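Try each task before you read its solution.

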Amino acid sequence: MKLILNIAIWCFAVSMTAQDISLVKYTTEEDIAYIGSTTKDIYRNERCKLDVYYPTDMKDFPTIVWFHGGGLESGEKHIPKELMDKGVAVIAVSYRLSPVAKNPAYTEDAAAAVAWAFKNIASYGGSVNDIYVSGHSAGGYLALMVGLDKSFLDKYGIDADKIKGLIPISGQTNTHYTIRKERYLPIDIPIIDKYAPINHARKGIPPTLLITGDRNLEMTARYEENAHLEAILKAVGNDNVKLYELDGFDHGSVCAPGCFLMLEWIKKYSK
């Protein structure tokens, strides 16, 4: 089912997430390496760092693993302000970028970061059973690839279905256009191969919330790609899949309201 949200409804979502958690304290640990120290890849050692933002006086809190956007070619780890002071931990991840690194390097890094979350979040007080994977644009693509193609997390002995939820904001569901660019293919012509999240649609995936901007303002066919994924995921037997199209928001501006929707959705599944 496709839902269209306008600004008034978004403002309601914002007010609903403004809970009285003023007494909760938060701290951030920065630049934690999430790959093994044995790698000799200088660029990977430089890029594969994460920050952990978490409440210090709560236990068993949900955690969001957050991948930044930038077309797989730019961007840095950051914690969206909309996700701060909301009773959740956020793990902000940097990963290798094209063209210095080539596909599937960035997805391999994303999987390593999610695996780090599963193996370490309990030491910060978070629940290993309450980990969500999200990101905007290219980060949304990475979230979907890690959650749908089980082979990436299998390398770490982690079942991707243990992720509590997938929440890509304006992510590509076909093969990412930068991967096409690396192959010297037209970036506007869609391809669905093993590096397309939709190619890994299967029954039993984690609950999935798909969020895009207005189809008339978004990047080319970004809404339509997500609508296609929603249809296929439901067709193969997944009931907990929902698509939101945010009326009036373009590719960049959809991130902020998308974060508020994510928080409301996490409240539902974290109970």
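**Exercise 1.** Work out how strand β2 (residues 26–33) and β3 pair, and over how many bridges. Then find what stands opposite Asp51 in β5.

*Solution.* Keep in mind that this is a predicted model.
- Start with β2: its pairing with β3 is antiparallel and runs over 6 bridges. In this pairing, Leu50 of β3 has Ile32 opposite.
- Next, turn to strand β5 (residues 89–93), which also pairs with β3 in the antiparallel sense, here over 4 bridges. Ala92 in β5 is the residue opposite Asp51.
- Finally, check how covered β3 (residues 49–55) is: 6 of its 7 residues are buried, so the strand counts as mostly covered, with buried taken as under 20% relative accessible area.

**Exercise 2.** Decide whether Glu245 is buried or exposed, and find the side chain with which its own side chain makes a polar contact.

*Solution.* 
- Locate Glu245 in strand β9 (residues 241–246).
- Its relative accessible area is 3%, and buried means under 20%, so Glu245 is buried.
- Now follow the side chain of Glu245: it makes a polar contact with the side chain of Arg215, at 2.8 Å.

**Exercise 3.** Which residues touch the most other members of the largest nonpolar core?

*Solution.* 
- The core has 58 residues, and those touching the most other members are Tyr34, Phe67, Ile91, Tyr95 and Leu153.
- Helix α3 (residues 105–120) gives the most to this core, 11 residues.
- Look around Leu153: leaving out residues up to four places away in sequence, its contacts include Ala111, Val114, Ala115 and Ile163.
- Apart from this core lies another, of 28 residues, including Val88 and Phe260.

Key
Residues are numbered from 1 along each chain as its sequence is written. This is a predicted model: local features need pLDDT of at least 70, side-chain atom pairs count only at pLDDT 80 or more; totals for chains, interfaces and linings use all residues. Side-chain values use heavy atoms; hydrogens and water are left out. Helices (H or I, at least four residues) and strands (E, at least two) are DSSP runs, numbered from the N terminus. Buried means under 20% relative accessible area, exposed over 50%, partly exposed in between (1.4 Å probe, protein chains only). A polar contact is a pair of N or O atoms within 3.5 Å; within protein, one must be able to donate a hydrogen and the other to accept it, and residues adjacent in sequence count only if both atoms are side-chain atoms. Two strands pair if DSSP finds at least two bridges between them. A nonpolar core is a set of buried Ala, Val, Leu, Ile, Met, Phe, Trp, Tyr and Cys residues joined through side-chain atoms within 4.5 Å. Contact means heavy atoms within 4.5 Å.
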